[in-house]
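Please consult the sequence and the structure alongside the numbered points.

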Amino acid sequence: QSLHHRILLENIPSGHEKLQHVIKAMKESKTIMITYHRYGSPACSSFSIEPYCIKLFRQRWYLLGRLSNGLLATFSLDRIESIKKINQKFVVPDDFDAADYFRDSYGIVVDDNEPIEKIIIRAYGFEPYYIRDLPLHPSQREIQSTEQYADFELHLKPTSDFKTKLLSRGEWLKVLEPESLAKEITEWHQKAIERYKK
C-alpha cells in the first residue's frame, strides 16, 4: 500500500462492482438476468444467463454463460448495463472445462464453424523477442531463426480477434501459412491504407 502511487496497473473499464456480482452468482450457482448493450445497437437487450466462467482479455472481463435457449455465449462486462440475480439454481455440466473451451482460440472468440489450422508467421526486428516472452498461443513453437527474422508455428482457429492481433503488428509480422489467411491479412492492410488516405 505504501507504494500504490508507484505501481501502475492497467485500467479495466468493466469495474469491480459488476465483477463481484458475477463472481457471487457463480459461487452460489445462481442464474442472472443482464441488460446488455451491444456495439452498434440502438437499444439494450435482456438475457437470462447461467454464469459458467469469466476471462480477462485485453483489459476487459468477459462472462461466458449458458443462455435460456441452451447456447453458450460470451459477454463483455463493460457492456452490461445492469445485473440482477435470479433465485434459480443451475449446475455446471461435469464435462465443462473453461480452459478447454477456449483452448483452440486466441482470445475470447470461439467459433465452432472455424477449423483449427496450422499457422506459420514470420516475425522481424525485435518482434521475435516479444513473441518468445509472451506467446500468442499455448501451441506456439519456434521453427526457424535467423539474424533477420524468426518463424513460429501455431495451431488454432484463426478467428477475428487473432486476425486483428496480426494486423496490429503491421510490418513486423507476416503470415506464411496458410495462403488464405495471408491473403486476407494483406487485404485488411490494403483497406486500412486506403482508409488512411481518405
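1. The model is predicted, and the count of disulfides in it comes to zero. A disulfide is a covalent bond between the sulfur atoms of two cysteines.

2. Helix H4. Which residues of helix H4 are buried? Within this helix, which spans residues 160-168, they are Asp161, Phe162, Lys163 and Leu166. An α-helix has 3.6 residues a turn, so residues three or four places apart point the same way. The cover over the buried residues of H4 includes four strands, namely S2 (45-57), S6 (117-124), S8 (149-156) and S9 (173-177), together with helix H5 (179-197). After H4 comes Gly170, which has a positive phi, near 55°.

3. Rolling a probe the size of a water molecule over the atoms shows where empty space is left. One cavity of 30 Å³ or more is counted, and the largest cavity holds about 30 Å³ of space. Its lining consists of Ile121, Leu166, Leu173, Lys174, Val175 and Ile185. Leu166 is also among the buried residues of H4. Strand S9 supplies the largest share of this lining, with three residues.

4. A network of salt bridges. Side chains of opposite charge can pair when their charged atoms come close. The model has 10 salt bridges, and a network of them links Asp100, Arg103 and Asp104. Arg103 meets Asp100 at 2.8 Å, N to O, and Asp104 at 3.4 Å, N to O.

5. A salt bridge between two elements. Another salt bridge joins Glu142 and Arg132, with the closest N and O atoms 2.8 Å apart. Glu142 belongs to strand S7 (residues 141-145) and Arg132 to helix H3 (residues 127-133), so the pair ties together parts that are 10 residues apart in sequence. Both partners are partly exposed: Glu142 has a relative accessible area of 34%, and Arg132 stands at 35% relative accessibility.

Terms used:
Residues numbered from 1 in each chain as written. Predicted model: local features only at pLDDT ≥ 70, side-chain atom pairs only at ≥ 80, totals over all residues. Heavy atoms only, no water. Buried < 20%, exposed > 50% of the residue type's maximum accessible area, 1.4 Å probe, protein only. Helix = DSSP H or I, 4+ residues; strand = E, 2+ residues; numbered from the N terminus. Contact = heavy atoms within 4.5 Å. Disulfide = S-S within 2.5 Å. 1 Å grid on protein atoms, 1.4 Å probe; cavity = no way out; pocket = protein on both sides within 12 Å on 5 of 7 lines; lining within 4 Å. Points joined across faces, edges and corners; volume = space filled by probe spheres on them. Salt bridge = Lys/Arg side-chain N within 4 Å of Asp/Glu carboxyl O.
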